[in-house]
Amino acid sequence: MIEVAKQVMALYSQIDQQTRAFQAETQLHCPTGCGRCCENPHVEATLLEMVPLAVELFRQGEAVKWLESADESNETNACLFYEPDPRTPGNGRCQVYPWRPSICRLFGYATVSDRDGQPRFAACMRHKADIPEVVVTIQEAIAQGLPAPSFATSQQIAHLAPQLGAERMPINQALSAALRWVGLNFQMKQTELDSN
Ligand code: SF4
């Protein structure tokens with residue numbers, strides 16, 4: 001279990017490197033403090049993508065607290081880890097930034113494949129509204145071969161453990177599933193140790 005968590009984090013580091021290189025090349029950055037993507041109740045992740053965070057929450061002794069919150073939430077709730085800024089609507093912060101899942105690392109900086117298999121820049125709505133000309137220039141550069149992070153990386157993560165990584169679900173639901181899976185694994189490990 002710890003091994004698969006490390007493998008997922010290794011792919012997250014790869015995504016972060018690609019995103020930093022893309023930001024350096026395009027000078028595209030999120031507006032300071034913007035949390036609009038986190039306010040979206042349709043943020044999805046897989047159980048596998050939430051395993052590194054679940055392991056960390058157990059390490060911090062906070063697993064039960066977050067499991068209860070996740071089980072009380074429903075599809076209309078935004079991510080539990082999003083902390084809105086009470087002074088500035090649309091601004092906020094992530095309470096678990098180092099362990100956030102792939103969609104949170106890729107959103108606003110990655111491509112999807114169009115029906116011809118060509119990369120299309122999946123810009124965020126705020127960038128499209130605030131700097132449309134920059135978005136068009138970036139799309140043209142990507143069409144000319146500019147390397148960009150891809151949402152296809154989520155498939156690479158899923159391949160690490162297909163039984164845990166295939167199903168995308170609302171992020172709070174994925175958290176609940178990951179906390180249960182990690183908890184069960186810790187329990188089985190302890191039982192094994194006790195029986196030796
Ligand atoms: S995990 Fe963090 S970055 Fe991702 S949706 Fe939640 S608050 Fe936002």
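**Exercise 1.** Which residue forms a salt bridge with Asp 16, the closest N and O atoms being 2.8 Å apart?

*Solution.* First, a word on what you're looking at. This is a predicted model, where local features need pLDDT of at least 70, side-chain atom pairs count only at pLDDT 80 or more, and totals for chains, interfaces and linings use all residues. Residues are numbered from 1 along each chain as its sequence is written, and side-chain values use heavy atoms, with hydrogens and water left out.

Step 1: know the rule. A salt bridge is a side-chain nitrogen of Lys or Arg within 4 Å of a carboxyl oxygen of Asp or Glu.

Step 2: find the partner. It's Arg 105, with its closest N and O atoms 2.8 Å from each other.

Step 3: Arg 105 sits in helix H5 and Asp 16 in helix H1, so the bridge ties together parts 89 residues apart in sequence. Helices here are DSSP runs of H or I with at least four residues, strands are runs of E with at least two, and both are numbered from the N terminus.

**Exercise 2.** Is Arg 100 buried or exposed?

*Solution.* Step 1: get the cut-offs. Buried means under 20% relative accessible area, exposed means over 50%, and partly exposed is in between (1.4 Å probe, protein chains only).

Step 1: apply them. Arg 100 has a relative accessible area of 9%, so it is buried.

Step 2: look at its partner. The side chain of Arg 100 meets that of Asp 16 in a salt bridge (3.9 Å, N to O). Asp 16 counts as buried because its relative accessibility is 17%.

**Exercise 3.** How far apart in helix H6 are Asp 130 and Arg 126?

*Solution.* Step 1: count along the helix. They are four residues apart, which means about one helical turn separates them.

Step 1: check the contact. Asp 130 and Arg 126 form a salt bridge, with the closest N and O atoms 3.3 Å apart.

Step 2: check the cover. Asp 130 is partly exposed at 49%, and Arg 126 is also partly exposed, at 21%.

Step 3: now go back to the earlier residues. Salt bridges with shared partners join Asp 16, Arg 100 and Arg 105 into one network.

**Exercise 4.** How many salt bridges does the structure hold?

*Solution.* The total is nine salt bridges. One of them is the pair Asp 16 and Arg 100, which links helix H1 to the loop between E3 and H5, 84 residues apart.
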